[in-house]
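Hi there,

Here is the structure I promised to pass on to you. Have a look at it first, and then read on for what I found.

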Amino acid sequence: LKHLYSRLNEFALERQSEHLELIDMAYDGLYMNLSTYEQTESFIRDTALSKANVQKYLSRENQMLLLQAQRARSHCDWIDVAKRSAMLSYYSIVYGIPRSTMELNRLFDVFIDEEYANLSGVVSSTFPAILTKTLPIIASEKTALIVIDGMSMSDYEVIKRTDWPFDSEDYGAFALIPTTTSISRQSLLTGLYPSQMENQFSLAKEESGFYQAAEKLGYSKMEAFFGRGYEVDLHHQVKLAAIILNDVDDIMHGQQQGDAGMGQDIRLMAQQGKLQKLIKRLLLQSFSVYITSDHGHICSDGNGITGRFGLEVEAKAQRVIVLKDFAEASGAVKEASRLFPGTYLDKKYQYYIAKDNLAFAAQDRKLITHGGVSLEEVVVPFIIIRGVK
């Protein structure tokens with residue numbers, strides 16, 4: 001840092017290293033020597049982190065990200081795009097600068113059409129290409145998987161920039177489409193694709209399915225644990241734990257203030273420290289700790305289609321309509337959605353997913369929801385905790 005930014009104080013830079021790209025942009029116009037700690041702090045606060053500099057930065061980086069997305073070919077490429085987009089969304093939310101990901105998601109749609117069906121064949125020992133493959137990858141002597149329902153990449157960006165005392169490796173994984181809890185989380189925790197489940201639209205067999213998956217991996221009933229909340233009590237025999245946290249999903253579905261409100265509420269959640277305490281407790285109990293999500297979310301506008309159609313899959317997931325057998329979708333539904341081919345899903349149903357950033361809700365109503373195929377909904381964090389800093 002001292003070599004790259006000789007006119008600034010290296011210790012102040014290190015303290016603000018999460019904003020280094022913004023500092024770098026502002027530094028290009030700096031000709032004075034501001035090498036004291038206080039001078040550098042003032043420069044970062046008043047210039048590098050000014051709204052004008054952030055706006056300039058977002059304008060440049062959004063264009064660069066589109067170019068990156070145009071070159072993306074593999075699921076790993078798209079995970080990198082998703083992580084980068086989440087970081088840009090963080091600044092967009094904090095500074096109240098509007099940011100559209102519609103062009104990005106139209107490129108992502110092409111990847112989903114062409115490559116999503118191939119994710120089940122991807123072999124990896126570090127992180128799963130698709131959530132279904134998670135348990136065999138993480139299974140070890142003593143493993144705890146924290147599933148934060150509804151956490152998107154941008155939510156995790158807020159959490160780790162708020163109070164994150166851990167060394168972690170941050171990856172990503174593809175959720176199951178449509179991105180509903182019953183389909184994607186059940187697939188994550190049972191190791192089954194939806195077409196293999198008794199009922200892909202119900203969580204009734206989720207817990208028993210997890211225990212069956214654990215048994216196939218060599219864990220006894222006493223060595224496996226399925227629980228919810230931050231205060232789970234893991235006895236000494238547990239070697240594979242799945243812990244579900246619902247805070248983010250609750251925040252999302254009760255959100256009235258769009259992405260800005262979502263970011264603020266996630267920050268307040270992180271500041272409470274309950275997640276951090278849970279992770280520290282698991283580390284003290286010698287667990288290898290992994291964190292992931294079943295789906296993300298997107299800020300959507302209602303498309304005016306409010307009637308319920310066909311199957312009540314998940315009332316809160318307003319980006320998808322599911323029809324059984326050969327039920328005919330209305331002309332309005334067809335016009336406002338794309339027919340998803342049902343990859344990995346029960347073929348007795350038709351899956352109509354809302355186009356762009358729209359949702360099946362009252363005309364122009366603003367809401368945060370999920371169920372669709374956007375980058376924000378499909379690519380979720382997959383985090384390996386390595387220890388406390």
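Before anything else, please keep in mind that this is a predicted model.

I began with glutamine 255. Leaving aside its neighbours within four places in sequence, glutamine 255 is in contact with Gly261, Met262, Asp265 and Ile368. This residue sits in the loop that runs between helix H11 (247-253) and helix H12 (258-272). Is glutamine 255 buried or exposed? Its relative accessible area is 8%, and because that is under the 20% cut-off, glutamine 255 counts as buried. A polar atom of its side chain lies 3.5 Å from the backbone oxygen of glycine 261, one of the residues on the contact list above.

Next, the sheet. Six strands make up an open sheet with mixed pairing, in the order E2-E12-E5-E1-E4-E3. Strand E2 (166-174) and E3 are the edge strands, each pairing on one side only. On average, neighbouring strands here are turned by 20° against each other, direction ignored.

Strand E1 (residues 143-148) pairs with E4 in the parallel sense, over six bridges, and alanine 144 stands opposite alanine 241 in E4. Helix H9 (residues 181-190) packs on the sheet, where it touches E1, E3, E4 and strand E5 (288-292). The direction of H9 makes about 180° with that of E1.

E3 (residues 224-228) and E4 (residues 240-245) also pair in the parallel sense, this time over five bridges. Phenylalanine 226 has alanine 242 in E4 as its bridge partner. Although E3 is an edge strand, four of its five residues are buried.

Finally, the nonpolar cores. Which residues have the most contacts inside the largest core? They are Ile146 and Phe174, in a core of 118 residues. Helix H5 (residues 75-95) gives the most to this core, with ten residues.

As background, nonpolar side chains tend to be buried together in soluble globular proteins.

Happy browsing, and do write back with any questions!

Best wishes

Technical notes:
Residues are numbered from 1 along each chain as its sequence is written. This is a predicted model: local features need pLDDT of at least 70, side-chain atom pairs count only at pLDDT 80 or more; totals for chains, interfaces and linings use all residues. Side-chain values use heavy atoms; hydrogens and water are left out. Helices (H or I, at least four residues) and strands (E, at least two) are DSSP runs, numbered from the N terminus. Buried means under 20% relative accessible area, exposed over 50%, partly exposed in between (1.4 Å probe, protein chains only). A polar contact is a pair of N or O atoms within 3.5 Å; within protein, one must be able to donate a hydrogen and the other to accept it, and residues adjacent in sequence count only if both atoms are side-chain atoms. Contact means heavy atoms within 4.5 Å. Two strands pair if DSSP finds at least two bridges between them. A nonpolar core is a set of buried Ala, Val, Leu, Ile, Met, Phe, Trp, Tyr and Cys residues joined through side-chain atoms within 4.5 Å. Axes are lines fitted to C-alpha atoms, for helices over the stretch in contact, and angles run from 0 to 180 degrees between N-to-C directions.
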